Amino acid sequence: LLAYNVCHSADHYARFEFLLDYVQNHATPALTPPIRLCVFDYGCGQGLATLALLSHLKGREVEMVIHLIEPSELALSTAEQYVSALADSMQGTITVHTHQAGLDQVPDHVFRMPEGFSAVHLFSNILDMAYQRFFDLSRLVDQLNHMPGKHLCFAVSPTYNSGKQGFDQLRHWFTPNRLLLDV
């Protein structure tokens, strides 16, 4: 994990910061007050996408339920520590749940959202793994398509070709009104 942080985390975090800044500049309603979000960080690793989102919302009153989903017990434990530490310094109520599972093994009950919350789905450098068949993205998308309410899907991928192909698969399987932005 330390080697991964040294080699890759700054780039991954910066990609998510860029995306969140772009979205903010285009007035996404779910990220304007009141902020009530149910966040799903798929293949969260050490929680970099969630950390970028929390940093982006720092200083604002938030009510959030965060689900960190990761197959690696060590990475998940680290993500929980990092995310919980940042969440404790924020205004509002933030609850963190961890799920040690593959992305196509998340139980259906995890996708139940509190009333009045919007869902935020974070995919940070994980969609290339779907294209390479490390997990079944169509199963996950089927679960997401059955969730009611408003959804935002934020995805960043590596700059090599299969990263974009995984994103294109995600866009293809989502119902048409769910995914609108490709920057």
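Predicted model: local features only at pLDDT ≥ 70, side-chain atom pairs only at ≥ 80, totals over all residues.
Before I start, one definition: a helix axis here is a line fitted to C-alpha atoms, over the stretch in contact, and angles run from 0 to 180 degrees between N-to-C directions.

With that, take helix 2, residues 48-57, and helix 3, residues 73-88. Their axes come within 10 Å and cross at roughly 5 degrees. Angles under 35 degrees count as roughly parallel, so helix 2 and helix 3 are roughly parallel to each other. Which residues meet there? From helix 2 we have Thr50, Leu51, Leu54 and Ser55, and from helix 3 Tyr82, Val83, Leu86 and Ala87. By class, that contact has six nonpolar residues, two polar and no charged ones.

Now the chain as a whole. The protein chain has six helices and five strands, and along the sequence the pattern reads α-β-α-β-α-β-β-α-α-β-α. Of its 183 residues, 50% count as buried.

Five strands form an open sheet in the order 3-2-1-4-5, with parallel pairing. Strand 3 (92-100) and strand 5 (151-156) are at the edges with a single partner strand each, so one side of each has no neighbour in the sheet. From one strand to the next, the twist averages 15 degrees. Strand 1, residues 35-42, is joined to strand 2, residues 62-70, by eight bridges; Ile35 has Val62 in strand 2 as its bridge partner.

Back to helix 2, which packs on the sheet and touches strand 1, strand 2, strand 3 and strand 4 (118-124). The direction of helix 2 makes about 170 degrees with that of strand 2. Helix 5, residues 137-145, lies across strand 1, strand 4 and strand 5, and runs at about 165 degrees to strand 4.

Notes: Residues numbered from 1 in each chain as written. Heavy atoms only, no water. Helix = DSSP H or I, 4+ residues; strand = E, 2+ residues; numbered from the N terminus. Parallel < 35°, antiparallel > 145°, perpendicular 65-115°, else oblique. Contact = heavy atoms within 4.5 Å. Nonpolar A, V, L, I, M, F, W, Y, C, P; charged D, E, K, R; others polar. Buried < 20%, exposed > 50% of the residue type's maximum accessible area, 1.4 Å probe, protein only. Pairing = 2+ DSSP bridges.
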